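Work through the exercises below with the sequence and the coordinates at hand. Each task is followed by a solution in steps.

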Amino acid sequence: MRVNLEARAALAGQRRARTRDRLLIAAEAVIAEKGLHGGSIEEFARAAGVSRGTFYNYFPTTTDLISALNRRVARDMAGLLAEIVKRPADPAARLAASLHTMLAAYHADPLRGWVALQLASTSAPRVSAYEEVFATLYREGVARGQFRDVDLVAAVTLCFGTLRMALRDVAAGEPAAQPEELVAMLLTAYGLPFEAALAISCEQCAAAKRGQARDALPLASLAS
C-alpha cells in the first residue's frame, strides 16, 4: 500500500510539473504576440488548454507568473554562463565571452528576446545569476589590473543597461550595434585599451556564434 501511495504521489507531481510548464509556454507565446500587458489570464489559460481556476492553482497572481517566466527564460543561459566563468582564460576574455553568448542568443531568437525585454521592465525580482557572473569576472579583472576599481553597481548598470538597449533594437527590427564593437566599448570603459578590447571581443564573438549554431541555445532574459 505504501509503495502504491508513493507511486501515486510521484505521478501527481509529474502531472503538476507538466501542467505548470505548459502554462509557462502558453503565457510566453501570448506575451510574444500581444505584449506583457496585452494578454489576460483567460488567454493564458486558454492557450494552455486549462481552466482559469487551474491557472490560479499554479499562479495566484500575475506577479507569480512573471517571476516564474523570468526564471524560465534564464535557466539554461545561467548554466552556460557558469561554465564560462570556469574557463582558464583571463577575466576580460571570459567577460567578453559571456556578453557575446547573450547577444548571439538574442539574435538567434529575437521573438523570445522581445519577451525577455518586457520581463526585464517589470518589478519582478531580478535574476541574480547574470549579475553574479559579471561581479565575479569584474572583481578578478580588478585584481589582475585589467579593470578599473570602480563602484560595482555602476559597472553592472552600464553593462546590462547597454545589453538591454541592444536587445530592444534587435526585437524592434531596428539597426543594431555591431556586437564586436559594443562589447569592445564596454571593456574599454572598464579599463582595457580599445585595440586590445576589440581583439578580445572579435575573438569571443566568433566563438559565441559558432557555439550558438552548434548548440541552438535558448534565449535568456537580461538582468534588469
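Accessible areas here come from the Shrake-Rupley method with a 1.4 Å probe. The model is predicted.

**Exercise 1. State how much area the protein chain exposes, what share of it carbon and sulfur atoms supply, and what percentage of residues count as buried.**

Step 1. A residue counts as buried under 20% relative accessible area. By this cut-off, 46% of the 224 residues of the protein chain are buried.

**Exercise 2. Describe the secondary structure of the protein chain and the sequence range of its contacts.**

Step 1. The protein chain contains ten helices and zero strands. Its pattern along the sequence is therefore written α-α-α-α-α-α-α-α-α-α.

Step 2. Take the contacts between residues at least 6 apart in sequence: 75% of them join residues at least 24 apart.

**Exercise 3. Locate the largest nonpolar core and find which element gives the most to it.**

Step 1. The largest nonpolar core has 37 residues. Leu 95, Phe 134, Phe 147, Phe 160, Leu 187 and Tyr 190 have the most contacts inside it.

Step 2. Two or more residues of this core come from each of α4 (62–85), α5, α7 (128–143), α8 (152–172), α9 (179–190) and α10 (194–215).

Step 3. With ten residues, α5 gives the most to this core.

Step 4. There is also a second, separate core of 21 residues, which includes Leu 24, Ile 31, Leu 36 and Val 50.

**Exercise 4. Is Arg 94 buried or exposed, and which residues is it in contact with?**

Step 1. Arg 94 lies in helix α5, which covers residues 91–108.

Step 2. The relative accessible area of Arg 94 is 4%, so Arg 94 is buried.

Step 3. Set aside the neighbours within four places in sequence. Arg 94 is then in contact with Ile 84, Val 85, Arg 87, Ala 89, Leu 137 and Glu 140.

**Exercise 5. Classify the ring pair of Phe 134 and Phe 160, and find which residues ring pairs link into a cluster.**

Step 1. The structure holds nine aromatic pairs. A pair of aromatic rings is described by the distance of the centres and the angle of the planes.

Step 2. Phe 55 is buried at 0% relative accessibility, whereas Tyr 56 is partly exposed at 31%.

Step 3. For Phe 134 and Phe 160 the centres are 6.1 Å apart and the planes are at 65°, so this pair is edge-to-face. The pair links distant parts of the chain, with Phe 134 in helix α7 and Phe 160 in helix α8, 26 residues apart.

Step 4. Phe 134 is buried at a relative accessible area of 2%, and Phe 160 is buried at 5%.

Step 5. Ring pairs link Phe 134, Tyr 138, Phe 147, Phe 160 and Tyr 190 into a cluster. Apart from neighbours within four places in sequence, the contacts of Tyr 190 include Leu 95, Phe 134, Tyr 138, Phe 147 and Cys 159.

**Exercise 6. Compare the span of α9 with the expected value, then list the buried residues of α9.**

Step 1. The expected span is 1.5 Å times one less than the number of residues. α9 has twelve residues and reaches 17 Å from its first C-alpha to its last, close to the expected 16 Å.

Step 2. Pro 179, Glu 180, Leu 182, Val 183, Ala 184, Leu 186, Leu 187 and Tyr 190 are the buried residues of α9.

Step 3. Just after α9 comes Gly 191, with a positive phi of about 135°.

Methods: Residues numbered from 1 in each chain as written. Predicted model: local features only at pLDDT ≥ 70, side-chain atom pairs only at ≥ 80, totals over all residues. Heavy atoms only, no water. Helix = DSSP H or I, 4+ residues; strand = E, 2+ residues; numbered from the N terminus. Buried < 20%, exposed > 50% of the residue type's maximum accessible area, 1.4 Å probe, protein only. Contact = heavy atoms within 4.5 Å. Core = buried A, V, L, I, M, F, W, Y, C linked by side-chain atoms within 4.5 Å. Phe/Tyr/Trp six-rings, centres within 6.5 Å; stacked < 30°, edge-to-face > 60°.
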